[in-house]
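My entries follow in the order I made them.

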Amino acid sequence: MNKIFLIIQREFLNRVQKKSFLIATILLPLIFPTIIAIMVYVAKEQDKGAKSEVIHFVDESGLFNPDDIKRYELRRFNGNIEDAKTAFSSSDDFGLLHIPKINLSNPSGITLYTKVNPSPNDINDLESKIELQIREAKMIKFNIDQKILDSLKTNISIRSVSLSESGQEKSSDSKVLFGIGMIGGILIYIFIFVYGAQIMQGVIEEKTSKVVEVIVSSVRPFQLMLGKILGLASVGLLQFLIWIILITTVSSFVLGYLGFDMPQQEMMNQVAAQPEYNSDFMDVMQTVNEIPVFYIVSIFLFYFLGGYLLYGALFAAVGSAVDSPAEAQQFIFPITIPMLISYFALFTFILDNPHSTISIWLSIIPFTSPIAMMGRVGFGVPTIQLIASMVCLIGGFIFTTWVASRIYRIGILMHGSKVNYKVLFKWFMMKS
Amino acid sequence: MNQLVVENVTKRYANHTALDNVSLSVPDQSIYGLLGPNGAGKTTLIRIINQIIDANEGTILINGEKLSPHHVGLIGYLPEERGLYKKLKVGEQLIYFARLRGLSKSDAMVRIKHWIEKFEIKDWWNKKIEDLSKGMAQKIQFISTVLHEPKLIILDEPFSGFDPVNANLIRDEILELRKKGSTIIFSTHRMETVEELCDHIALINKSRKILEGAKKEVKAKYRTNTYIVEHKGIFSLESEHYEHNGHRDLDDGYMETQVRIKSDRNANQLIQDLVGATEIHGFKEKIPSMNEIFIQLVNGGSDE
């Protein structure tokens, strides 16, 4: 046991003392928000600074009296459409909208002429604009008063409240829960890949440099493999911890700088004092406030470690079987398939429908559960499912570690032999 | 007393038998040459002694005790290729391996200091292995092999990669370690090393041990009663007792002839017979080199 600890310590120090670790750990949490911030800023500036483009329109119906939309200036062209087309093709303007005489109940023939293809968004904007005007024209035609028209418009947003068994009400903004699931799932996905690849590389390096022969003359191959996996796990945990601290510090600094430095609860009270201020923001803040942070973080750490151990052992086995990272590709691919499945499932249906049967099963099967469960956990997972999933994951990584160690003990001593699945199976079956 | 005893060890893989009923006795404080062509099973045997793999059958006794995991501290193993982490600094590397062999950190530091002073490599402490030459790395490897003062040192081709100066340095250290009580097993193809250093040898070929014993005895056993005579003037001896086994001309009319005694006559009688037949300038027994014995046995084995 003592020697496993030595190996864990060595692996830990090997990584942590590297400059690349320091850079990745400190810069990564700063780089992503910075990039996003820059992109948002640039996009906004562009919107603001962009000279609005001109769309001419020829309105034969006499109904159309539009305001400008977004970045387009709508300019009426007086004359017939043929003249307009000629004028348009010799100008630098963006488009020409032709509204012929239309039947209000079945309008057709509205055309937009452009030199470049317009984006779907632009078309949508124009369509809703025209729809609105046609609607109003119809209303007027049916003698409906403008006041009634205005009072018909209502803005609603549904506040979703989850009712727990004990009758406690928890308001939940599904966007926030969605975000938690997405970020948790992506983080686990990236961690498993990055750290799995590091385990594999470490094993290949030890094998090709024959260090492994010196070491396994002092410790059992299983101890070496486990020491390596656990050593890297501790690096991952440290990195994660530093990120949490960094992000908390940086965000509180940024919020303080922007003037949001009051405690959340106080802000809630203030907001609650103004009943009409029942905005989306309030919902988000309420949800954020009611997220059981400790619960989510513990679940994340469990699935992060469990998933990492499960896949880490497989990566170690692959590393032991080959002589170079290039050879490893053929074995890496099947390992990544369940990861990819759960990753795509996360975005296609788990987050949208966290309580569907397939979401539940994906969050219980150990190969997909680390990512799938992160997608579900924010929305509330029945305890029985959570326990089943956790037990399966623990069983799963014990199983993969056992399989991997049987391949590893033989693989690390084999050089230059061509390895395929049949050979791996033979190694697996070999008696020690 | 034997430091290491290998009894009837057999190791089978799916398609072949790597070791077939091999038994060896390595005497205390001997320098024991483990010889054999590539693929004969030497590496497998060394791995079994190092407990890297297990034998299917047979037992191994070290110091009279059955080999078990707590013996790793008694054994030092130097693999043929550099078994070192390329990215790790010399100092950290030596401490790590010493601790894996069971030394405490402070003990390891004291001993490492002693060795790096002896080898005059103090300024390498913070260098990474990848920045050292092959010979330099081999030195570090050697230190790491003997740092825990093992009773049994297993060296796989220890002199490859060394220039003559450093090879001598290592050779002297090996002799010194033997004097202090260690037993050394060499696995090598280099017959000059065997001639020079080993006092016992074993030859493994095709998974079987085909020869073992003290070097002198082995050589005596393979004496062919042949003598090399340097002389002037052609001669011929009675074919009833002698056989001419090769003849070549040397400079200035000198010649060299190999004579094998077929009967029970001895060297003195051969000299007496030669005195009457030619002018003798030199006379010595032709003792087979380890190289010759090796080739003879390995080739002979392949005819079976």
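**Sheet in chain B**

I started with an open sheet of six strands in chain B, in the order β6-β7-β8-β3-β9-β10, with mixed pairing. Strands here are DSSP E runs of at least two residues, helices are H or I runs of at least four, and both are numbered from the N terminus. Two strands pair if DSSP finds at least two bridges between them. β6 and β10 (208–214) of chain B are at the edges with a single partner strand each, so one side of each has no neighbour in the sheet. From one strand to the next the twist averages 15 degrees. Axes are lines fitted to C-alpha atoms, for helices over the stretch in contact, and angles run from 0 to 180 degrees between N-to-C directions.

I noted that the model is predicted: local features need pLDDT of at least 70, side-chain atom pairs count only at pLDDT 80 or more, and totals for chains, interfaces and linings use all residues. Residues are numbered from 1 along each chain as its sequence is written, and chains are lettered from A and ligands numbered from 1 in the order in which they are written.

Next I checked one pair within the sheet. Strand β3 (residues 31–35) of chain B pairs with strand β9 (residues 200–205) of chain B in the parallel sense, over four bridges. Gly33(B) stands opposite Ile201(B) in β9(B). Helix α1 (residues 42–49) of chain B lies across β3, β7 (152–156), β8 (183–187) and β9 of chain B, at about 150 degrees to β7(B).

**Chain B overall**

I counted nine helices and 14 strands in chain B. Its C-alpha atoms fill a box of roughly 75 × 45 × 35 Å along the principal axes. Of its 304 residues, 35% are buried (20 or more other C-beta atoms within 10 Å of the residue's own, with C-beta atoms placed from the backbone). Of the contacts in chain B between residues at least 6 apart in sequence, 71% join residues at least 24 apart. A contact means C-beta atoms, placed from the backbone, within 7 Å.

**Where the chains touch**

**Sheet in chain A**

I found an open sheet of four strands in the order β2-β1-β3-β4 (chain A), again with mixed pairing. Its edge strands are β2 and β4 (111–114) of chain A, each pairing on one side only. Strand β1 (residues 53–59) of chain A runs parallel to strand β2 (residues 72–76) of chain A, over five bridges. Glu53(A) stands opposite Tyr72(A), and Ile55(A) opposite Leu74(A). Five bridges also join β1(A) to strand β3 (residues 95–99) of chain A, in parallel. There, Phe57(A) has Leu97(A) as its bridge partner.

**Helix pair in chain A**

Last, I looked at helix α11 (residues 293–321) and helix α12 (residues 325–350) of chain A, whose axes come within 9 Å and cross at roughly 160 degrees. α11(A) and α12(A) are therefore roughly antiparallel (over 145 degrees).

How values were computed: Angles under 35 degrees count as roughly parallel, over 145 as roughly antiparallel, 65 to 115 as roughly perpendicular and the rest as oblique. A residue is buried if 20 or more other C-beta atoms lie within 10 Å of its own, exposed if 12 or fewer, and partly exposed in between; C-beta atoms are placed from the backbone. Two residues are in contact if their C-beta atoms, placed from the backbone, lie within 7 Å.
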